[in-house]
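Dear colleague,

Please find below the structure that I am passing on to you. My findings follow it.

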Amino acid sequence: MNLVLQGVGDCKARLERISALTASANLTWLSDRAVRCEGIAFSPALRQTIEVAAQAAQLDATYSIGYHKMSEFKLVAMDMDSTLITIECIDEIADMQGLKKQVSEITEAAMRGELDFSESLKRRVALLEGLDASALERVYEERLQLSPGAESMLKAVQAAGLKTLLVSGGFTFFTERLKKRLGLNYTHANELEIVDGKLTGKVVGGIVDAEEKKCTVERVCAELGISPSQAIVMGDGANDLKMMSISGMSVAFRAKPVVRGQANVALNYVGLDGILPLLT
């Protein structure tokens, strides 16, 4: 069993301290912020000890049997809101209506898996009725930021020849701009209905929910002639679990507990480029 420990900032001393708990005879330093402990004599008790210690030291700990190679994968599929970017776009749009608190509470419940995503999205979008469509541009220009490590992660996987998919329960207004900005290959999201420059409070066509996200990953894989097991899928909310479940590597990024508990990899402290030390 192997273990990769990662952190941010000046964390080498913390990495040394936690890696010593593994009693690994073979430590491979991947950078000053990441170390691989190889050949661990794994036990549930040791894992719990390391996970508690790593959390206290604000380090991410990822276990694996053997090694994953970048060449094993052909696609990286990402959720958008709170994964590729730091915000929930619908919450920020709602802020333009003075309704951020009301909408964000619904968003949080949906991401925790407590509400049906499709119904929750309809409820939230309905509250945006009458808002000037220029608010979308304001959110993009003034509030949307990429998550830490997003650009370096994308540059690395694109340089290795992997295709990229942004599949979101958010909106095409944002996914299309990010596609152009970041050189993404595929995007799929919900389209807000706009009439006479105003949001109508409705979505055009079907809603991109958990099932549609999974089907989108499957469609893109089929188009590329690959298996979903050759995809890395990243998300943070309950509506990402279905697409994550069919992947070869599922990554929970600063995710809700229900997602962290089911993912292969949980990145709570490092950026999206935290997947790179996991790929030899």
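Cys37 is buried, its relative accessible area being 0%. The model is a predicted one, and Cys37 takes part in no disulfide: the nearest cysteine sulfur belongs to Cys11 and lies 13 Å away. Cys221 is likewise buried, with a relative accessible area of 0%. The closest cysteine sulfur to that of Cys221 is in Cys215, at 12 Å, which is too far for a bond. The structure as a whole contains zero disulfides.

**A buried arginine**

Arg124 is located in helix α5, which spans residues 117-126. Although Arg124 is buried, it has no salt bridge. Setting aside neighbours within four places in sequence, the contacts of Arg124 are with Ile90, Val103, Ile106, Thr107, Ala110 and Phe117.

**Nonpolar cores**

The largest nonpolar core comprises 55 residues, and Leu84, Ile93 and Phe174 have the most contacts inside it. Not counting residues up to four places away in sequence, Ile93 touches Leu128, Leu131, Leu136, Val139, Phe171, Phe174, Leu192 and Leu199. Another core, of 19 residues, lies apart from the largest one; among its members are Leu75, Val220, Met243 and Ala255.

With kind regards

Notes
Residues numbered from 1 in each chain as written. Predicted model: local features only at pLDDT ≥ 70, side-chain atom pairs only at ≥ 80, totals over all residues. Heavy atoms only, no water. Core = buried A, V, L, I, M, F, W, Y, C linked by side-chain atoms within 4.5 Å. Buried < 20%, exposed > 50% of the residue type's maximum accessible area, 1.4 Å probe, protein only. Contact = heavy atoms within 4.5 Å. Helix = DSSP H or I, 4+ residues; strand = E, 2+ residues; numbered from the N terminus. Lys, Arg positive; Asp, Glu negative; His and termini not counted. Salt bridge = Lys/Arg side-chain N within 4 Å of Asp/Glu carboxyl O. Disulfide = S-S within 2.5 Å.
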